[in-house]
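Dear colleague,

I am handing over a structure for you to look at, and my notes on it follow below. Please keep it open beside you while you read.

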Amino acid sequence: MSTTAVGKPMDRVDGRLKVTGAARYAAEHDYPNLAHAVLVTSTISKGTIAEVVTAAAVKARGVAAVVTHKNAPKMKVPEPFGGEKPSAGSTTAPVLNTDQVFWFGQPVAIVIAETLEQARHAAQLVRVTYQEQPANLTLDSAGKVTTPKKIMTEATTVEIGHAERALKAATLKVDAVYETPQFNHNAIELHATVAAWDGGKLTVHDTAQFVFGVQADLATRFGLKPADVRALAPLVGGGFGGKGVAWPSTYLAPLAAKVVGRPVKLVLARDQIYGCVGGRPPIRQRVAVAADKDGKLTALIQAGRSATGTTNQFVEQFTFPARHLYACPNIYLTQETIALDTCPPTFMRAPGECPGTFALESALDELSYQLKIDPVRLRQINEPDKDPTTGAPFSNRKYQEALALGAEKFGWNRRTPEPRSMADGRMLVGLGMATATYPVYRMPGSARVAVSADGTAVVQSGCHEMGMGTATAQTQIAADLLGLPVEKVRFELGDTNLPFAMVAGGSSQTISVAAAVSAAVAELKGVVLKLATAGPLEGLKPAAVAVRDGGLYRTDDPASGESFASILQRAGRKSAEAKAEVMPGAEMQKWSMHSYGAQFCEVRVDPDFGTVRVVRFVGAFDVGRVMNAKTARSQFLGGITMGLGMALLEETHRDGRTGRIVNADLAEYMVPVHADVPAIEAYWVGDPDPHTPMGAHGIGEIGITGVAAAVANAVYHATGRRVRRVPITPERLL
Ligand code: MOS
């Protein structure tokens with residue numbers, strides 16, 4: 001395949017739709033006779049519903065129905081996500097089919113009315129009283145503690161050598177505790193579902209990162225065949241993991257529509273997203289690192305506790321980076337969960353790698369001062385030649401190249417090593433760095449490719465566009481595979497009527513779908529060749545022919561061949577198509593496959609007020625071959641921006657008495673705005689990984705990893721103050 005389009009900074013194919021407002025998101029779908037639903041949610045964290053008084057709401061103007069656990073049709077709770085079958089289950093709580101309350105914000109009633117305003121008004125008239133029980137709300141509470149046997153497919157506990165013994169024997173070491181709070185999802189597009197029944201068939205327009213998971217979820221809940229559920233999400237306004245599984249709007253909109261016998265729209269209010277959509281759980285980690293005087297690591301320990309819900313088992317894989325980042329003969333890693341009476345936590349951009357790198361990369365920075373070795377140099381000294389915990393060879397690790405690239409672009413050599421040694425007027429200047437990493441994941445995928453006699457092609461896969469440029473990158477990939485200009489290729493996605501695709505998560509979508517498109521193009525070759533019953537291709541076997549320049553060409557005589565359009569026209573066909581389904585190979589077992597990067601941060605700290613300003617940020621990444629230079633850069637910038645929020649602003653605050661989230665809105669849960677974000681530069685090594693489709697890695701999540709540590713390390717360099725808990729607020733710094 002010649003890479004004519006791949007790698008180019010091509011504009012989003014849906015960019016015009018977006019900026020002109022023509023793009024239609026889930027909540028913008030309308031149906032004749034559409035009713036509006038509004039949720040009533042619990043105001044305690046744990047207990048039972050004593051009484052629900054709905055009379056006033058039922059009588060309110062425009063109200064079609066009020067649904068509570070007393071009159072809701074029964075739904076079967078599907079298996080949670082992560083089991084054998086595709087599923088988007090987020091919690092085992094039988095929401096609206098129980099008088100039990102499992103968390104503050106759990107839906108306890110739905111009001112359906114003619115208009116949104118009427119539904120919202122009537123929802124306020126629903127009176128719920130509870131029998132309250134004491135709730136476990138913090139990492140130190142009496143919640144059930146579990147050491148899971150496995151995290152994904154990997155053992156939870158990893159032990160190489162004798163880490164505690166090596167730590168004890170060392171003189172140069174750091175042994176510290178790092179904390180990250182709960183973070184909540186704040187995609188600009190609110191979780192929303194428009195549901196319409198047609199007899200026994202259900203259509204949902206949903207804010208989903210996994211339409212086939214939604215299909216499976218709803219089929220189970222309502223006792224339908226999956227084929228009788230159509231889920232559509234061709235455009236999603238940000239997901240970040242918060243739309244990876246089915247949260248209440250997804251199944252309560254269809255429930256409400258069933259009750260009132262008409263289509264229903266249900267949009268969660270912003271505070272309800274905090275209340276009934278999972279966020280990133282709070283985590284406390286101990287990291288201990290020791291090194292000899294030359295800086296070679298002799299011990300590496302990372303252990304800690306993350307929260308999960310009582311109605312799910314979500315394990316934030318924060319010890320994963322330490323499994324492969326650095327060479328060390330003595331490594332001990334383990335983690336446990338504590339079940340809290342809170343909304344079940346879920347995936348949030350780089351779950352695990354994001355908080356894990358905050359702790360590990362902060363500890364390594366602390367160690368660098370003990371050793372009096374430059375932090376970049378320390379990471380050069382400890383480069384492993386194979387995966388230090390599995391022994392597997394790396395597929396294509398280019399971490400050192402990314403580190404060198406980042407250091408050079410950032411101008412790391414300006415840095416004077418001592419803390420508080422650099423200033424700009426009265427401002428303290430700090431330069432810090434940290435490693436970024438994220439695994440290479442690949443999932444099953446399928447695609448259909450059709451070429452037409454008019455010279456165009458349509459490529460389809462039921463994958464997802466959440467703003468990252470899925471359709472654009474896949475258009476580029478398909479165009480190059482077919483040898484067609486990008487203008488002649490259209491990519492369709494986000495619909496369960498299209499070939500199956502997995503969740504847009506784990507930074508896996510691009511290569512998973514690309515592999516399927518590639519396999520479908522290979523199938524298509526055979527299909528079209530059969531139609532070439534005359535001309536230069538007549539009688540040839542597929543192996544003797546290559547797909548190129550929008551047609552088929554002889555491998556033994558590259559000048560000899562014919563375009564798809566010409567073959568189809570002569571055969572009297574309008575189009576020809578082929579479909580392929582591919583599973584990931586055994587590459588993940590054979591190779592240690594990860595992306596790497598280096599994050600460099602410059603801060604100005606006001607010594608009197610303790611305010612931190614990030615004035616410059618450079619990320620350099622080793623992510624295989626980049627499919628689109630523009631959308632890739634945007635992904636890195638977005639990830640880094642979200643990391644700056646984690647470092648300095650974001651934190652979910654809970655009222656310890658009730659469990660209510662007190663800052664459940666964008667006024668008080670602070671995320672970075674333009675004024676908080678400096679010029680960010682993103683670079684990449686670009687070396688194709690020989691063991692992945694297209695030589696690419698995922699890029700959606702790595703950008704956030706390492707950012708909080710780079711900021712904390714820069715703050716330490718500026719001030720001599722080590723802050724081991726984010727966000728780094730003035731009160732924590734002074
Ligand atoms: Mo990502 S947190 O896997 O959507």
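The centres of domain 1 and domain 2, taken over C-alpha atoms, are separated by 38 Å. The domain assignment places domain 1 at 349–441 + 589–733 and domain 2 at 443–584, with bounds that come from an automatic or database domain assignment. Where the two touch, domain 1 gives 14 residues and domain 2 gives 15 residues, a contact being two residues whose C-beta atoms, placed from the backbone, lie within 7 Å.

Please note that this is a predicted model, in which local features need pLDDT of at least 70 and side-chain atom pairs count only at pLDDT 80 or more, while totals for chains, interfaces and linings use all residues. Residues are numbered from 1 along each chain as its sequence is written.

The largest nonpolar core holds 225 residues, of which V111, A256, V289, A299, V517 and V711 touch the most other members. Such a core is a set of buried Ala, Val, Leu, Ile, Met, Phe, Trp, Tyr and Cys residues joined through C-beta atoms within 7 Å, and a residue is buried if 20 or more other C-beta atoms lie within 10 Å of its own, exposed if 12 or fewer, and partly exposed in between. This core draws at least three residues from each of domain 1 and domain 2. Leaving aside neighbours within four places in sequence, A256 is in contact with A37, V67, I110, I112, V264 and L266.

T48, by contrast, is partly exposed, because 13 other C-beta atoms lie within 10 Å. Not counting residues up to four places away in sequence, T48 touches D99, Q100, V101, Y130 and Q131.

Best wishes
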